[in-house]
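The following exercises are to be worked through with the sequence and the three-dimensional structure at hand. Each task is followed by a solution in steps.

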Amino acid sequence: MQKHVNVALVLLAGSGLAWGAESRVTGQLQVQGAYLEPALDGDGRWYLQAPNSWLGLEVLESVSGSQYRAVLEADIDPLSLDEPVSSRQMFIEWLQPLYSIRGGQLRSLEQRLLADPIDQMHGFDGAQPTSADRFTDAMAIDTYSARNGLGLEQPSLEFTASNGELMYISGQWTFEDETSSSTLQQWAVAVGLDTPEGSVALTYRRNDAFDAGLFGSSILWESDGLQLGGSALYREEVVAWDLVGAYLAGTVVSKLSYGRDNLQSASDEVSYWAFGIDQVFSDAILNYSEIRWQQEPEQWRWMTGFKLTF
């Protein structure tokens, strides 16, 4: 996987130079110290991690009033010896004033429209992604999405139309990989509203692996440094939901979130509380310190580190 990602980065960069297109490197680097109590062996453990770090390349080209965009992103973990580089997303997009079409390896609509807007927490643990250590992501919505295959392994096609300002509607179709019969595996639609005061999104997904469709909703409200929001997924019952709040005072952000993830049914669920404080040094770099606690099985984790985005 590392070799394939590196080769693709070089080819995409070379193509951008050959076309004379505009290209830029994007990414996020994050290093944190973490303490988990109890760990898998029953005792507390310290970790040094580089979670949620990635590098990407974006190439833009304008032709006859249209804009073409190619994006390649790879997750990186310089502290991992097993798989330091893995694919994050890769797609090519055709942009028009009122609509866009993209195809490739895409993040799901639920991850982008339901989880990302309300995800205020930065620290999470990817060291032991097992059922005994469920602190593997920052949000119940994201954890449910990853566990139920709402994501990145199969090729997808996405269409988005908007009024050029606030409202949009999107459709996403996910296909089987080349080793299968190349039939449609699942599809999703979303409608939303983005304003300076916040955002609202509704989603629906149909997957052949489930008898019932998956509904989703998200709302975020912002005013004078205060943010309040929540997201939920529903399939015959509520399967995952998160509530968040944050307040910005100068360069300090205080954050609080609560969520539940129904692993199999309403009788098998995990809930968590999270509290954190960010010190914002600039638009690109911040320091965070966060505590997460879950009741069943009872665990808590403290995380602190630095995050650089570019």
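**Exercise 1.** Which strand gives the most to the nonpolar patch?

*Solution.* The model is predicted, so local features need pLDDT of at least 70 and side-chain atom pairs pLDDT 80 or more, while totals for chains, interfaces and linings use all residues. Residues are numbered from 1 along each chain, and side-chain values use heavy atoms, without hydrogens or water.

Step 1. The patch on the surface consists of Leu 98, Tyr 99, Ile 101, Leu 157, Phe 159, Trp 173, Leu 184, Trp 187 and Val 189. Patch residues have over 30% relative accessible area and no salt bridge, and nonpolar side chains are joined within 5 Å.

Step 2. At least two residues each come from β6 (99-105), β7 (156-162) and β9 (184-195).

Step 3. With three residues, β9 gives the most.

**Exercise 2.** State why Tyr 99 counts as partly exposed.

*Solution.* Step 1. Tyr 99 lies in strand β6.

Step 2. Buried means under 20% relative accessible area, exposed over 50%, and partly exposed in between (1.4 Å probe, protein chains only).

Step 3. Tyr 99 counts as partly exposed because its relative accessibility is 31%.

**Exercise 3.** Determine how many residues of helix α3 are buried, and which they are.

*Solution.* Step 1. Helix α3 spans residues 140-147, and six of its eight residues are buried.

Step 2. These are Ala 140, Ile 141, Asp 142, Thr 143, Tyr 144 and Ser 145.

Step 3. The buried residues of α3 pack against elements including α2 (109-115) and β11 (214-223), where contact means heavy atoms within 4.5 Å.

How values were computed
Helix = DSSP H or I, 4+ residues; strand = E, 2+ residues; numbered from the N terminus. Patch = residues over 30% accessible without salt bridge, like charges linked within 9 Å, V, L, I, M, F, W, Y side chains within 5 Å. Areas by Shrake-Rupley, 256 points an atom, 1.4 Å probe, with all protein chains shown as cover. Salt bridge = Lys/Arg side-chain N within 4 Å of Asp/Glu carboxyl O.
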